Amino acid sequence: MKLKQNTHYLGNKSIEEIRNTFGTPLYLYDTEKIVAQIKQFKNAFNWPGLKIKFAMKSLSNINILKLMQQNGVDLDAVSLYEAETGLLAGHEAKNIMYTPSGVKFNEIEEGVKKGFQINIDNLPSLKKFGETYGNKVPCCIRINPHIKAGGNHKIQTGHKDSKFGISLLQIDEIKAVVEHYQIRINGLHMHTGSEITEVDTYMQGAKILFDLAKNFKELDFIDFGGGFKVAYKAEDKTTDLDALGAALVPAFEQFCKEYGKELEMWFEPGKFLVSEAGMLLLEASIVKQTPYSTFVGVDSGLNHLIRPMMYDAYHEIVNLSNPGGLVKNYNVVGYICETDTFAWDRPLNEVRPGDILAIKNAGAYGFSMSSNYNSRPRPAEALLIDGEVKLIRQRENMQDIMKNQIEVL
Ligand code: PLP
């Protein structure tokens with residue numbers, strides 16, 4: 001975004017023109033930023049068999065999935081419909097990692113039929129997989145390495161009480177099932193959480209996987225998951241990808257030598273690739289003064305961006321309409337009948353009804369976690385590409401709210 005003569009521009013359009021064309025609330029994604037993040041990721045890991053599997057749960061618009069494919073990035077999916085959206089976007093089934101969590105076995109069978117790379121996260125499913133396919137279909141195993149990784153407890157997925165993966169302490173049981181059914185284990189996987197800042201945390205997990213890998217003779221890849229931290233505040237510590245690459249690549253090389261085969265190195269970044277590329281544009285509906293605080297009510301709420309309420313996530317907010325305005329403190333709140341506060345006591349350039357606010361760093365887990373709570377429509381999505389802003393999803397309307405309801409009375 002550029003500021004020229006007190007007006008914000010995105011590509012060749014002023015923010016006012018964007019509002020007039022597309023309305024608010026609007027998710028807006030910058031393709032250039034996504035491509036830059038992909039490049040930075042590739043540069044950090046100098047390994048010939050590097051494969052990036054974009055965690056599409058973070059942002060699953062088909063145009064984003066196409067952009068990934070055009071830039072040599074595959075997909076990580078957690079449901080059949082996600083994985084099938086990947087096919088619609090032109091990804092090959094074999095390049096889609098399918099990691100469902102604790103699902104009925106028919107969802108895994110369906111994934112096998114479609115040709116996705118299956119990732120199994122529990123022992124009963126591994127056993128069923130063996131009974132059903134023997135050595136005919138390969139699968140990957142999601143290991144829970146029992147690591148407390150980054151972020152707050154709601155986004156940690158690799159500790160000993162987490163529902164995800166098969167405990168590393170159950171390796172003997174895994175081996176017994178694999179040997180009994182002759183299952184071809186072609187990959188080992190971990191994803192220990194989001195917002196991991198410490199290189200050591202990844203290395204700890206990597207060492208556990210290298211150690212366990214010796215139990216499986218037919219591996220093609222090791223998948224180190226996602227969880228790379230981006231900055232939500234200027235002073236936030238982020239994952240130093242170059243430092244991680246400098247530590248992980250030689251360790252991986254050494255492991256491959258000992259293993260006797262050059263394996264592929266997989267990652268599943270979500271946030272890192274798309275978070276900073278996205279913002280949510282809103283309009284200030286009211287400004288309400290109480291004896292205690294000043295509220296800005298916006299045309300959005302937790303139904304559009306739930307991260308601040310669900311994870312206590314901080315998102316920077318900018319008043320794009322009044323860049324020179326006097327700075328005052330506001331509580332920025334949504335229109336949902338819940339306490340859906342985007343920001344408490346936040347300094348903003350003076351907000352007037354009708355001003356356009358941008359919630360930044362909203363590309364990941366924004367639209368994809370949106371809902372119709374309070375019978376509110378989901379927002380529109382747009383893409384900034386080659387200086388042009390293009391609509392990539394229509395705003396929902398009353399018909400969408402009623403779409404699947406069946407009147408029986
Ligand atoms: N891989 C798996 C299995 C996940 O569950 C997630 C996020 O929940 C990711 C990758 C992506 O995480 P992040 O967006 O923090 O990189």
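## W47 and F252, two buried rings

Let's start with a pair of residues in this predicted model: W47 and F252 are both buried. For F252, the relative accessible area comes out at 0%.

W47 and F252 sit edge-to-face, 5.0 Å centre to centre with 75° between the planes. W47 is in the loop between α2 (31–44) and β5 (50–55), while F252 belongs to helix α9 (residues 241–259), so their pairing ties together parts 205 residues apart in sequence.

F252 has another edge-to-face partner in F224, at 5.9 Å centre to centre and 75° between the planes. That pair also links distant parts of the chain, 28 residues apart: F224 is in the loop between β12 (221–223) and α9, and F252 in helix α9. F224 counts as buried because its relative accessibility is 2%.

Zoom out, and ring pairs join a cluster that includes F41, F45, W47, F224, F252 and Y259. The structure holds 21 aromatic pairs.

## The nonpolar cores

F224 turns up again in the largest nonpolar core, which has 104 residues; along with F45, F54, L126 and F129, F224 touches the most other members. Helix α8 (residues 199–213) gives this core its largest share, nine residues. Another core, of 16 residues, lies apart from it, with M279, A358, A382 and L384 among its members.

## Lysines over rings

Two lysines are worth a look too. K4 lies over the face of Y9, 4.6 Å from the ring centre, and K233 lies over the face of Y314, at 4.6 Å from the ring centre.

Key: Residues are numbered from 1 along each chain as its sequence is written. This is a predicted model: local features need pLDDT of at least 70, side-chain atom pairs count only at pLDDT 80 or more; totals for chains, interfaces and linings use all residues. Side-chain values use heavy atoms; hydrogens and water are left out. A nonpolar core is a set of buried Ala, Val, Leu, Ile, Met, Phe, Trp, Tyr and Cys residues joined through side-chain atoms within 4.5 Å. Buried means under 20% relative accessible area, exposed over 50%, partly exposed in between (1.4 Å probe, protein chains only). Helices (H or I, at least four residues) and strands (E, at least two) are DSSP runs, numbered from the N terminus. Rings of Phe, Tyr and Trp (its six-membered ring) pair if their centres lie within 6.5 Å; planes under 30 degrees apart count as stacked, over 60 as edge-to-face and the rest as tilted. A charge sits over a ring if NZ of Lys or CZ of Arg is within 6 Å of the ring centre and within 35 degrees of the ring normal.
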